[in-house]
Amino acid sequence: MSEPPLLQLEGVHTHIGRYHILHGVDLAVPRGELTMLLGRNGAGKTTSLRSIMGLWRASAGRIIFDGRDITAMPTPDIARLGIAYVSESMGIFTQLTVHENMKLATASGRFDQTRLDNVFALFPILRQKWHDAAGGLSGGQKQMLSISRAIIEERRLLVIDEPSKGLAPGVIEQLIGGLRALKATHTTILLVEQNFHMASALGDSVAVMDDGRIAHSGRMADLVADEALQSRLLGLSLASHQ
Amino acid sequence: MKRAHDWAAILLLPVLILLALPTMSLSTWVTLTVAGGAMGMMLFLMALGLTLIFGLMDVLNFAHGAFITLGAYVAASVLGALTGWTAADSWALNMLALAAAVAAAAMCAGGAGLLFERVLIRRVYGSHLQQILITVGGLIVTEQLVVVAWGAQQLEIPRPMAMRGSFLVGGAAIEKYRVVAMALGLVIWLVMYLLLNRTRVGLLVRAGVENREMVEALGFRIRRLFVGVFVAGAALAGIGGAMWAAYQQVVTSSIGGDMTILVFIVVIIGGLGSVTGCLIGAILVGLVTNYIGFLAPSLSLGSTIAAMVLILLWRPRGLFPLARS
């Protein structure tokens with residue numbers, strides 16, 4: 001029998017004020033894989049991630065993490081289960097230094113030197129900027145800091161929301177390299193992305209959202225190979241991602 | 001640490017102090033500058049809690065004056081009960097009496113802060129309108145409870161013997177109590193600075209002021225921090241109230257309400273949520289009040305509001321605005 005998924009959403013509905021955003025999302029995130037969550041703007045991807053983190057409360061359905069129902073759990077308790085969140089806005093504390101931002105992401109306030117060296121190997125610029133105010137970093141550097149904060153401690157699941165948003169192509173390639181290295185460690189990752197080039201380069205499995213529901217789920221390789229499916233689900237033409 | 005310093009805002013105080021020098025004699029300038037600095041330090045104590053409470057919790061607390069009032073009355077009672085120490089010709093006993101009054105004021109105001117947060121504030125997180133209504137109500141109720149407990153008449157406060165009168169430094173009269181107030185303010189600022197910049201709790205407070213949601217997503221329970229900051233802010237207001245009452249040597253039940261306006265001006269000038277801004281804003285208000293009170297007494301009443309308007313025309317979000325997410 002195959003191992004149950006690390007994270008599972010079962011019929012999740014989420015309302016924001018009077019707006020009904022998620023309409024029964026069913027999603028499984030297999031252990032040790034990188035699952036891409038794709039979809040057009042407004043499909044409900046960010047709402048799904050925020051519902052997983054408890055930042056917006058699911059109004060119906062269940063969110064199960066490693067067999068445990070976390071639907072109603074407070075956000076700090078969800079984070080303490082080993083789920084790290086990289087928000088769409090990066091959530092960098094601009095008034096703090098890079099060092100202080102990283103320190104906040106450690107449970108004890110102390111760094112594991114090996115993990116810190118790994119972070120510097122992935123994103124060397126952070127070593128140079130270590131004592132600088134994070135507000136002075138470029139968009140790409142802030143994204144690197146945001147991801148580094150998520151991996152500075154051992155995590156069981158990384159939930160990352162659109163890391164390539166607003167970044168230059170060269171920086172995106174650097175990010176892809178960093179995420180590929182992370183993937184090689186078999187860390188379970190749920191990644192929301194609009195950039196199909198990045199998604200196809202990284203994803204093991206994929207789920208595509210449309211109008212607050214999962215419209216398709218399967219293996220990333222199958223979606224990459226099926227242009228008609230891409231066109232139907234994502235409105236992509238071959239030319240748009242070549 | 002390499003941080004970007006906002007020199008224009010930092011240099012504002014030295015420039016103001018230097019600009020005042022040619023307008024008066026040196027001795028008057030020294031007296032007024034020390035007086036302004038001391039008043040600023042007392043305002044800083046009263047305002048620091050308000051700015052932290054707003055910055056971290058997004059709560060507009062118009063009841064902050066209630067903690068100032070409570071601190072003032074508790075200090076008056078303690079100093080009244082310790083007349084043996086306050087009247088003694090001993091610096092040590094005098095300081096002990098003041099320390100006891102300040103400590104009692106901090107404890108009572110902090111306790112009241114805890115009660116306020118539990119009973120009133122936690123019901124209105126996220127709604128500024130409700131916060132204004134409920135905290136203004138809280139201020140009125142507290143003032144009336146103070147009248148019930150201490151009476152409607154103004155209360156006289158015996159200032160400790162060694163802190164009465166002035167030093168003469170090169171012809172400039174410097175009130176002894178102002179030096180004590182300034183020293184206490186500096187000590188508390190230093191403690192707060194170290195707490196906020198050298199401890200993990202301080203790091204969490206600074207991060208929480210900027211982005212509460214992300215602090216929670218990193219696994220920290222910010223609600224507990226809210227309560228701690230609210231209590232600390234109330235205790236600081238109590239200390240400020242105690243020091244201000246001993247400076248004025250009389251206390252009435254409206255002391256907190258009266259000071260609330262000045263305290264809000266300080267916080268707005270400094271930039272809501274900023275500790276450095278609060279310190280500089282408080283000293284600026286203290287200096288402007290004293291300089292204008294001497295140079296143009298008829299303009300004294302509106303001088304702090306005029307200073308606030310000028311600062312806001314220059315920096316619409318105050319001197320040290322926070323980048324909030």
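Colleague: Which residues does A:Val159 touch, leaving aside those up to four places away in sequence?

Modeller: This is a predicted model, and contact here is taken as C-beta atoms within 7 Å. A:Val159 is among the residues with the most contacts inside the largest nonpolar core, alongside B:Ala47 and B:Ala75. Not counting residues up to four places away in sequence, the residues that A:Val159 touches are A:Leu49, A:Ile52, A:Met53, A:Ile83, A:Ala84, A:Tyr85 and A:Leu190.

Colleague: Which element gives the largest share of this core?

Modeller: The largest nonpolar core has 179 residues. Its largest share, which amounts to 19 residues, comes from an element of chain B, namely helix 3 (residues 26-57).

Colleague: In the hairpin of strand 1 and strand 2 of chain A, which residue takes a positive phi?

Modeller: Strand 1 (residues 7-16) and strand 2 (residues 19-29) of chain A run antiparallel and are joined by 8 bridges, with A:His13 having A:His23 as its bridge partner. The hairpin has 2 residues between the strands, and the residue with a positive phi near 60 degrees is A:Gly17.

Colleague: What is the bridge partner of A:Gln8 in strand 4 of chain A?

Modeller: Strand 1 of chain A is also joined by 6 bridges to strand 4 (residues 58-65) of chain A, and these two strands run antiparallel. Within strand 4, the bridge partner of A:Gln8 is A:Ile64.

Colleague: What radius of gyration does chain B have?

Modeller: The C-alpha trace of chain B spans about 60 × 45 × 35 Å along its principal axes, and 51% of its 325 residues count as buried. A compact globule with 325 residues would have a radius of gyration near 20 Å, and chain B agrees with this, having 19 Å.

Terms used:
Residues numbered from 1 in each chain as written. Chains lettered and ligands numbered in written order. Predicted model: local features only at pLDDT ≥ 70, side-chain atom pairs only at ≥ 80, totals over all residues. Core = buried A, V, L, I, M, F, W, Y, C linked by C-beta atoms within 7 Å. Buried ≥ 20, exposed ≤ 12 C-beta atoms within 10 Å, placed from the backbone. Helix = DSSP H or I, 4+ residues; strand = E, 2+ residues; numbered from the N terminus. Contact = placed C-beta atoms within 7 Å. Pairing = 2+ DSSP bridges. Rg over C-alpha atoms; globule rule 2.2 N^0.38 Å.
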